Amino acid sequence: MTRIGLLVNPTAGRGRAAGVGRVALEQLRAAGHDVVDLTASDGGAAAGSAREFLLGGGTGDDLALVAVGGDGVVNLAANAILAHAPHVPLGLVPAGTGDDTARALGLPRRDPVAAVARLLAALARPPQVVDVGVVGRAGEGGDGDAEDGGVAPPHRRYFVGVLSAGIDAAVNARANRLRWPRGPLRYVVALAVELAGFRGFAIRVVADGADAGGAGTLVAVANTRSIGGGMRIAPDASWTDGLLEVVTARTIPRRTLAVIFPRVYAGTHVGHPVVQVTRASEVLLLRGESTSTGAGTGRAGGRRRPPAPAPSCTPTASRSGTCRCGCASWRERCGCSPRVEP
Ligand SMILES: Nc1ncnc2c1ncn2[C@@H]1O[C@H](COP(=O)(O)OP(=O)(O)OP(=O)(O)O)[C@@H](O)[C@H]1O
């Protein structure tokens, strides 16, 4: 018997998750597990109840946290586990809109009974181990030492899927705000709106200490392949290779972007000459950087001279647990806020 904290996001999948949560609760209890319902009124309260469950659960192997919903609640649950009880396995019953984590796991996304059956089978064997990304803002009130890259734990976030910081993030954020249309079509609408006002970003990427060039359009640091409900932003990313896949495109004309972005659905954008793919275990996103030094010409794995310290920066994404900032000093203040997808 496993003591299971069931973290249902009743708002996920436009309310579908509430019913899926009831199915999961019944099936898990019927299978003899001790299920604690952690459903809360909002995301903040859900994070609190997950924390309480994990901290009060002891150190036994008989504990699990199960998320019911989409990638947002997976992110919430993963962050709770990694902050408070990293030994606890995370289970998922998909009931969200995009469900990209469920896609990465190959779980049934429209059949809760089958998904819970998969979960029950998984509870009976050792958990699968996957990479996670770490992102942090160095110097913001933390006293982290060199070992944690100057990023104290309260300022550290984890991501299971993809960290987006370019137009991919802007499109995703706008799609989340749209009430209509439903489903993947809203990303098309969001793209059209974002393209209309698009001017490009000034971001420079440093991958494992090597300058990977400018990224004015697309900036995705990927642990898994897809975002936005199956858009294959990093088609070759793997969450078991110990590396993050960095997919970038320099600032390009809107019409070129309009051609490339739809190709993200199939993952064929990576074959376009303006798109670079790099693999690294630590990535710096330098904001406000001039991209004159070889901007947009970086190639996967290419080694370049490390850039000069940046005046401002976005945080590092790293899978190793080490967060660094691209400032001259790790403790220097960094005014940045990338969007993080689970
Ligand atoms: N009661 C709640 N419990 C947990 N999360 C909640 C709750 N209410 C609102 N949220 C918020 O809802 C957000 C979106 O949830 P989630 O990702 O699970 O569903 P979705 O958006 O339908 O799916 P997807 O992200 O896969 O497209 C979460 O990031 C979380 O902050």
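1. Basis and confidence. The model is predicted: local features need pLDDT of at least 70, side-chain atom pairs count only at pLDDT 80 or more, and totals for chains, interfaces and linings use all residues. Residues are numbered from 1 along each chain as its sequence is written. The mean pLDDT of the chain (pLDDT being the predictor's confidence in each residue, from 0 to 100) is 82, and 78% of the residues reach 70 or more. The model scores are ipTM 0.97 and pTM 0.82.

2. Regions to treat with caution. The pLDDT is below 50 over residues 141-150, a stretch that has 24 contacts in the model beyond near neighbours in sequence. Two residues are in contact if their C-beta atoms, placed from the backbone, lie within 7 Å. Residues 290-315 also have pLDDT below 50, and this stretch has 80 contacts beyond near neighbours in sequence. Where pLDDT is low, the predicted coordinates should not be read in detail.

3. Overall make-up. The chain holds eight helices and 15 strands. Helices (H or I, at least four residues) and strands (E, at least two) are DSSP runs, numbered from the N terminus. Of the 342 residues in the chain, 52% are buried. A residue is buried if 20 or more other C-beta atoms lie within 10 Å of its own, exposed if 12 or fewer, and partly exposed in between, with C-beta atoms placed from the backbone. Among contacts between residues at least 6 apart in sequence, 71% join residues at least 24 apart.

4. The parallel sheet. An open sheet is formed by four strands in the order β2-β1-β3-β4, with parallel pairing. Two strands pair if DSSP finds at least two bridges between them. The edge strands, β2 (34-37) and β4 (90-94), each pair on one side only. From one strand to the next, the twist averages 25°. Within this sheet, β1 (residues 3-8) and β3 (residues 63-69) run parallel and are joined by six bridges; V8 has V68 as its bridge partner in β3.

5. Helices on the sheet. Helix α1 (residues 16-30) packs on the sheet and touches β1, β2, β3 and β4, its direction making about 170° with that of β1. Helix α5 (residues 112-123) also packs on the sheet, touching β3 and β4, and its direction makes about 165° with that of β4. For these angles, axes are lines fitted to C-alpha atoms, for helices over the stretch in contact, and angles run from 0 to 180 degrees between N-to-C directions.

6. Surroundings of the ligand. The ligand is surrounded by 20 residues, of which the closest are G43, G69, G70, G72 and G96. The elements giving two or more residues to this shell are α2 (43-56) and α3 (71-84), and α3 gives the most, with four residues. The shell divides into six nonpolar, eleven polar and three charged residues. In this division, Ala, Val, Leu, Ile, Met, Phe, Trp, Tyr, Cys and Pro count as nonpolar, Asp, Glu, Lys and Arg as charged, and the others, Gly among them, as polar.

7. The loop residue A40. A40 is found in the loop between β2 and α2. This residue counts as partly exposed because it has 17 C-beta neighbours inside 10 Å. Not counting residues up to four places away in sequence, A40 touches A45, A46 and S49. A distance of 45 Å separates the C-alpha atoms of A40 and V274, which are 234 residues apart along the chain.

8. Strand β8. Five of the five residues of β8 (residues 203-207) are buried, so this strand is largely enclosed by the rest of the structure. I203, V205 and A207 point one way, and R204 and V206 the other way. With β13 (residues 282-287), β8 pairs in the antiparallel sense over five bridges, and V206 has L284 as its bridge partner there. With β9 (residues 210-214), β8 pairs in the antiparallel sense over three bridges, where A207 is partnered by A210. The hairpin of β8 and β9 has two residues between the strands, and in it D208 takes a positive phi near 50°.

9. Strand β5. Both faces of β5 (residues 133-136) are covered, with G133 and V135 on one side and V134 and G136 on the other, all buried. β5 runs antiparallel to β6 (residues 156-159), joined by four bridges; V134 stands opposite Y158 in β6.

Conventions:
Near = placed C-beta within 6 Å.
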